[in-house]
Structures are given as structure tokens and as C-alpha cells.
Amino acid sequence: MIPAKYMVRRWGPPSQGWGAFLHNHAPQIAAMDLFVVPTLSFALLYVFVIVRLDRRAIVWINVTRHPTAEWIARQITEAFPWNEAPRYLIRDRDGLFGAIVKRRLRAWASETSRLRPLHRAECFRRTVDRVAPP
């Protein structure tokens, strides 16, 4: 273990934590997620949801049987007009968010943040639970 006298001292105030960031920037943050809903005939439907975090308001919801990266990119474009796009868009590391989605987000000039699934679930759980069937 390194003695404290050899460690570099911090100059300036510590950076804000995740909770402070969410509180300060909540009106500029949206989150998107994709979840599966089984039907009565045991078919699987994929539900794509975009939620604004400040009021937990659903911005966009759509359903498909076969989600693709092109379909997700189109849903993001349709959800936000260019003048109403949030500054930050939280997403998980799902394989469906491929290169096309990343390219669309870069063109959209949004700063995307990849969160671990646990953190994303904590931020997003209450609103998606209202939408998802029991």
C-alpha cells in the first residue's frame, strides 16, 4: 500500500456525482429502452420507449416483431424534432443499438451515455413499469 505522503493531492473541488448530475440536467436528459412483451399466442413483441427524465413523461413508444438498428434509428428521428432534441440520451449496451444508431445520434449532435444495465434500470424502472404489462 502506498503511504499518503506519496499520493497526489487533489487541487480544487471534487467533481459532481451521478445524483447531482441527474438533478442539474434532468430537463435535458431522455432515456430509451427496448423490452419484450409475450402475447397470448406466445409471439414476442419488442416495445421501444423513450422517456424524458425531468417529468418521467413518455415521449415515444412503438412496437415491432423484428427490431433492427435501422428501425430504432428511425424511431429516434421521429420522436424528437431537430429543435426539441435532448442534450443527453441514456441508453444501454444492447446489440441492437448498432453503428447506424450511433451515426444517427452523432448527426443529431446528442451526447450519448452508456450506462451499466443496473444504473439504467434504477433510473428507468418506475416509468417503464407503468407502461409494461404485469
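**Figure 1. Helix H3 and the positive surface patch.** In this predicted model, helix H3, residues 99–107, is the element that gives the most to the positive patch, with three residues. The patch as a whole is formed by four arginines: Arg74, Arg103, Arg104 and Arg106.

**Figure 2. Arg106, a member of the positive patch.** Arg106 is found in helix H3. Is Arg106 buried or exposed? Its relative accessibility is 61%, so Arg106 counts as exposed, the cut-off for that class being over 50%.

**Figure 3. The largest nonpolar core.** This core has 16 residues. Which of them touch the most other members? They are Met32, Phe48, Ile50, Ile72, Ile76, Phe97 and Val101. At least two residues of the core come from each of strand E1 (29–38), strand E2 (44–52), helix H2 (69–79) and H3. Helix H2 supplies the largest share, six residues. In soluble globular proteins, nonpolar side chains tend to be buried together.

**Figure 4. The elements of the protein in order.** The protein contains four helices and five strands. Read from the N terminus on, the elements run α-β-β-β-α-β-α-β-α. How much of the protein is made up of buried residues? Of its 134 residues, 35% are buried, that is, under 20% relative accessible area.

Key
Residues numbered from 1 in each chain as written. Predicted model: local features only at pLDDT ≥ 70, side-chain atom pairs only at ≥ 80, totals over all residues. Heavy atoms only, no water. Patch = residues over 30% accessible without salt bridge, like charges linked within 9 Å, V, L, I, M, F, W, Y side chains within 5 Å. Areas by Shrake-Rupley, 256 points an atom, 1.4 Å probe, with all protein chains shown as cover. Salt bridge = Lys/Arg side-chain N within 4 Å of Asp/Glu carboxyl O. Lys, Arg positive; Asp, Glu negative; His and termini not counted. Charge placed at Lys NZ, Arg CZ, Asp CG, Glu CD. Buried < 20%, exposed > 50% of the residue type's maximum accessible area, 1.4 Å probe, protein only. Core = buried A, V, L, I, M, F, W, Y, C linked by side-chain atoms within 4.5 Å.
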